[in-house]
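Me: I would like to learn how to read a model like this one. Can we go through it feature by feature?

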Amino acid sequence: MTRRHFLHVAAALAAASPALSNAPAKLAPPQRVIGRPIRVGLLGGVHSHARAKWEILTRSPEFECVGISEEDASAREVFARPGVRFLDARTLVERCDALVVESDVADHARHGLMALRAGKHAHVEKPPSHRWGDVERMVGWARRNGVVFQTGYMWRHHPGLAFIFDAVAQGWLGHVHLVRATIGNALEAGRRPEWGRFPGGGLFELGSHCIDAVVRLLGEPRRVTSFLRRDGGHNDRLEDNNLAVLEYPRCMALVCNSNLDPVSGQHREFHVEGSLGSATLRPVEPPTLTLELSRAAGPWPAGRSVVPLPPYERYEGDLAEWAACIRGERDPTVSGEVEIRVQNTLLRACRVRR
């Protein structure tokens, strides 16, 4: 990956950012890193997204990988190769400009706050916390220290979702009255206790990607009703078959999550239905996007169109935008206020007590 390619991705993301009513508000001027690579490290490496993000960081000309802080021996083996340095957390934070938090979900907020309080830019893996108030604190510390806080929801720079968001903003679909988002997997038995630690279970761990997209599109819902079920027949606490209904004035969104689906990849979708047509991303990866319009809108004719999408790699867009924000070349697509709305809606859907 060349610097030109990385900057091209960042520029394309800026151009595709949806014009929504909750458009990002400007944060305090970031502590810019200019004229040299951004020194970055991994705080934790046990999360399933950690390896892929590390690979993107190591091949990007925007970043200089300082090292990884991880005590778990099996996790360290995943990253063990010549040139990879393992450091304690305090040393890593001191040596870096920016930290990517890829620790256990229960430690995301603690590590995110560790980085932000030290005046470091932070990319915090999803979900950023299982507690009320943590994201507000992270946003507050980012503003106080003039650094960039970003949450790692993996579809924030998906070209199919970007197209749908733009179609809604342009009015091509008319009045939106229904959003349906589905995400599932066939979670292996050994990981069920890990996910079962948190209220909402699979909705918290996996359905959060859909809740993030819905809230960025429609805002914070007026009412949230959840159906959290244990239907897999396992003797554990994991809520593995879930539905959240997010209600808005003249619109509702359905977020479906199952951890019992053996062919879940084909079933993941994001569907938006309006008075003039619909847009359906199914499957999400690899993406297939269908636009169905009752009348021509923008460059699209009436009827059914399959929308061509540019190449897409998970996490690349997130980290390209993060680098551009750290350099002061743009503002984040998702503001601190929206980060808080997403988190509050997730906790409401998972019935987390205040």
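Me: In which helix is Arg117 found?

Reply: Some ground rules come before that. This is a predicted model, where local features need pLDDT of at least 70 and side-chain atom pairs count only at pLDDT 80 or more, while totals for chains, interfaces and linings use all residues. Residues are numbered from 1 along each chain as its sequence is written, and side-chain values use heavy atoms, with hydrogens and water left out. Helices (H or I, at least four residues) and strands (E, at least two) are DSSP runs, numbered from the N terminus. Arg117 is found in helix 5, residues 108–117.

Me: Is Arg117 buried or exposed, or in between?

Reply: Buried means under 20% relative accessible area, exposed over 50%, and partly exposed in between (1.4 Å probe, protein chains only). Arg117 has 46%, so it is partly exposed.

Me: What is Arg117 in contact with, leaving aside neighbours within four places in sequence?

Reply: Contact means heavy atoms within 4.5 Å. On that basis Arg117 is in contact with Trp141 and Asn145. Met138 is 21 residues from Arg117 in sequence, and their C-alpha atoms are 8.5 Å apart.

Me: How many residues has helix 6, and how far does it reach?

Reply: The expected span of a helix is 1.5 Å times one less than its number of residues. Helix 6 (residues 134–145) has 12 residues and reaches 17 Å from first C-alpha to last, close to the expected 16 Å. Just after helix 6, Gly146 takes a positive phi of about 65°.

Me: Which residues of helix 6 are buried?

Reply: Asp134, Val135, Met138, Val139 and Ala142 are buried. Seen down the helix axis, the buried residues fall within an arc of 140°, so they line one face of helix 6. The arc is that of the directions from the helix axis to the C-beta atoms. These buried residues pack against helix 5, strand 4 (121–125), strand 5 (149–152) and helix 12.

Me: What is the strand order in the open sheet of eight strands?

Reply: Two strands pair if DSSP finds at least two bridges between them. The order is 7-8-9-6-10-11-12-13, with mixed pairing. Strand 7 (223–229) and strand 13 (303–307) are the edges, each pairing on one side only. Neighbouring strands are turned by 10° against each other on average, direction ignored. Axes are lines fitted to C-alpha atoms, for helices over the stretch in contact, and angles run from 0 to 180 degrees between N-to-C directions.

Me: Which helix packs on the sheet and touches strand 6?

Reply: Helix 10 (residues 208–218) does, and also touches strand 8, strand 9 (251–258) and strand 10 (269–274). The direction of helix 10 makes about 160° with that of strand 6 (176–184). Helix 12 (residues 336–349) lies across strand 7 and strand 8, at about 50° to strand 7.

Me: How many bridges pair strand 11 with strand 12?

Reply: Five, in the antiparallel sense, between residues 277–281 and 289–293. Leu281 has Leu289 as its bridge partner, and Ala279 has Leu291. Five bridges also join strand 12 to strand 13, again antiparallel. There Leu289 stands opposite Val307. Strand 12 is mostly covered, with four of its five residues buried.

Me: Where is Asn242 placed, and what does its side chain reach?

Reply: Asn242 is in strand 8, residues 241–248. At 4% relative accessibility, Asn242 counts as buried. A polar contact is a pair of N or O atoms within 3.5 Å; within protein, one must be able to donate a hydrogen and the other to accept it, and residues adjacent in sequence count only if both atoms are side-chain atoms. The side chain of Asn242 reaches the backbone nitrogen of Arg229 at 3.2 Å. Not counting residues up to four places away in sequence, Asn242 touches several residues, including Gly200, Phe227, Val255 and Cys256.
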